[in-house]
Amino acid sequence: MASGALLVSLTGCMTVHGENAVVPAVSKGEAAKVLKTFVEKNNRANTVYDTDLNAEIETGALGAIDQAGLKARKQVRPQGNPDYHRLELTDTRYLIPEQAGWPKFFVTDSRSNRKGSGRWFFVFQRDRANAPWRAAYLSVLQPDAVPEFARDKDDHVRAVPTGGGARLTVPPGRLSRAYTRYLQDGGGDDFAAGPHTSVQREKREKQMARKSVRNEYADQEAQPPQFSPFGLRTRDGGALVFFASHHHHKQTLPRGYTPQIKEPLVKALMTGKPKHSVTFVRVSAQAVTVPAAKDNGKIRFLSRIEGLTEARGD
């Protein structure tokens with residue numbers, strides 16, 4: 001193949017070495033195929049608890065959470081779950097930005113067959129031209145909370161830069177650090193009060209005040225390339241941003257007491273022997289609205305999904 005030739009990827013998009021051309025991340029037709037394949041493999045993986053199959057379709061925060069869950073369920077129930085309620089997605093809207101470079105991403109907005117749920121937003125990412133599309137985030141948003149997105153003349157949504165060019169109160173690339181710092185020490189005033197911010201800190205303070213058990217928390221930012229943030233510009237100049245974070249919770253009992261782990265799925269992820277303490281390691285995936293820098297508003301959470309990925313006994 002001649003050097004410098006224009007290559008047509010499997011998505012139908014044209015790129016120059018996959019780096020420089022600003023093109024749609026994926027065609028709508030290919031995005032629909034990606035989603036269909038995802039749902040099919042997701043249903044199979046959840047029926048037999050197959051982590052390898054899940055790894056073909058998920059990555060990032062969603063992959064870390066689901067693969068740990070499948071691993072635990074496989075140990076507890078090796079025969080799988082033949083009664084699994086198959087996921088169905090309908091009324092899908094495809095939010096496809098034009099981008100240059102990697103990773104590329106697009107977002108799907110669907111109605112699911114899960115009772116009482118809102119709109120299911122999946123963020124699919126692709127790290128290079130010959131890599132598969134995999135879902136990195138799932139966020140469930142109530143319909144009245146879904147923002148209006150800015151669009152270009154060709155009706156594509158607009159991707160938000162992760163750095164200073166984002167023109168947001170906090171750029172997507174710094175959201176994980178800002179959020180984990182806030183949870184850790186209350187630093188910064190970027191976040192609106194709510195169940196995932198001020199209420200979360202109040203719950204921790206009550207836990208840390210307990211005398212019968214010592215509770216310690218440590219929060220760490222999640223970093224690319226495994227945990228890349230993605231943002232879509234909203235019509236008001238702000239953005240809907242998806243990002244991940246890491247959270248550790250250590251419980252230590254007084255001398256002479258041994259932690260009792262009764263939950264089978266937690267025991268299945270346990271390493272070490274819990275003689276005095278247990279550390280729970282979780283990954284969290286967030287969807288937030290971030291205001292434009294000129295508006296100086298607060299970041300608001302629309303969705304947060306957290307999953308246990310590891311438990312360590314000491």
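Contact here means heavy atoms within 4.5 Å. The model is predicted, so to speak of local features we need pLDDT of at least 70, side-chain atom pairs count only at pLDDT 80 or more, and totals for chains, interfaces and linings use all residues. Residues are numbered from 1 along each chain as its sequence is written, and side-chain values use heavy atoms, leaving out hydrogens and water.

**Exercise 1. Work out the order of the four-stranded open sheet and find which helices lie across the sheet's strands.**

Step 1. Take helices (H or I, at least four residues) and strands (E, at least two) as DSSP runs, numbered from the N terminus. Two strands pair if DSSP finds at least two bridges between them.

Step 2. The order is E4-E6-E7-E8, with antiparallel pairing. Strand E4 (89-95) and E8 are the edge strands, each pairing on one side only. From one strand to the next, the twist averages 25 degrees.

Step 3. Look at one pair: E4 and E6 are joined antiparallel over five bridges, and Tyr 94 stands opposite Thr 108 in E6.

Step 4. Axes are lines fitted to C-alpha atoms, for helices over the stretch in contact, and angles run from 0 to 180 degrees between N-to-C directions. H1 lies across E4, E6, E7 and E8, at about 135 degrees to E4. H3 lies across E7 and E8, at about 85 degrees to E8.

**Exercise 2. Describe the lining of the largest pocket.**

Step 1. On a 1 Å grid over the protein atoms alone, a pocket is an open set of points where a 1.4 Å probe fits, with protein on both sides within 12 Å along at least five of seven lines; lining residues have an atom within 4 Å of a point.

Step 2. There are 26 lining residues, and Asn 46, Asp 66, Gly 69, Leu 70 and Arg 73 lie nearest the centre.

Step 3. H3 (60-76) is among the elements that supply at least two lining residues, and H3 gives the largest share, eight residues.
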